[in-house]
Amino acid sequence: MLGGKAMEKHGTASLDAGQFAEFASVVIRQLPRDLDSTTVQGWIENQSSLQRVLREALMPIPIEQEKNVFPVTVDYTRTLSDMISAGHYDSVNDDITADHFPVSGEGTVEVKLELVHFDRVMESDDVLKELDKDGLRPATLAELLAFGAKYPDIQRQFPIIALGAVWQNRRGYRSVPALWGSSIGRFLDLHYFDDGWDGYYRFLAVLK
């Protein structure tokens with residue numbers, strides 16, 4: 001489950017240490033010197049907001065993503081293990097296997113994904129009903145993995161759930177795949193289907 005048992009993986013950094021250090025130094029030098037102490041203390045106490053503001057300023061969202069549309073290519077010629085490896089996750093829940101989550105599909109398929117945000121506490125069945133009313137279906141694990149590989153930093157902002165892939169363990173508990181992360185890493189995990197969701201979660205969906 002989120003933060004539960006996981007199998008360690010080694011990701012790849014987009015910047016080497018030297019380039020990152022040089023860039024950080026440039027950012028520090030360009031910080032305005034006329035900031036007042038109250039404003040500075042506010043950012044110190046709310047570092048998650050500071051991270052979000054910096055990310056939005058330094059990594060502009062393409063127009064297509066501003067419309068909440070995320071094109072991906074799902075390559076069904078790959079094994080599930082290869083799909084996972086393409087995402088370079090820092091850890092992967094060891095119950096995410098081909099036996100628990102069989103992948104069905106042929107060739108390569110272009111898919112436009114959407115991130116749906118309800119901003120309220122909901123049960124999984126209610127989420128599925130709302131998606132259906134909007135002409136959407138929940139994303140599969142293969143689609144979630146294609147999303148994670150192409151848009152690696154989005155999961156650092158909020159957890160992303162694929163309700164189109166459900167596995168039931170021997171105790172009868174149902175789980176679905178989830179992408180989540182922070183500044184320290186990106187994770188592919190499981191979340192209990194029947195636990196419900198607060199307003200922080202996003203659900204990956206596909207237009208029917």
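This is a predicted model: local features need pLDDT of at least 70, side-chain atom pairs count only at pLDDT 80 or more; totals for chains, interfaces and linings use all residues.
Residues are numbered from 1 along each chain as its sequence is written, and side-chain values use heavy atoms, with hydrogens and water left out. The residue in question is Gly135, with a positive phi near 75°. Helices (H or I, at least four residues) and strands (E, at least two) are DSSP runs, numbered from the N terminus.

Helix 6 itself spans residues 124-133, and its buried residues are Ser124, Val127 and Leu131 (buried is under 20% relative accessible area, exposed over 50%, with a 1.4 Å probe and protein chains only). Viewed down the axis, these fall within an arc of 55°, so they line one face of the helix; the arc is taken from the directions from the helix axis to the C-beta atoms. Lys129 and Lys133 sit exposed on the other side. The buried residues pack against strand 4 (108-116), strand 5 (136-138) and strand 10 (202-207), contact being heavy atoms within 4.5 Å.

Now for the cores. A nonpolar core is a set of buried Ala, Val, Leu, Ile, Met, Phe, Trp, Tyr and Cys residues joined through side-chain atoms within 4.5 Å. The largest one has 33 residues, and Phe147, Ile160 and Leu188 have the most contacts inside it. Helix 7 gives the most to this core, at six residues. Apart from it lies another core of 15 residues, including Phe118 and Leu136.
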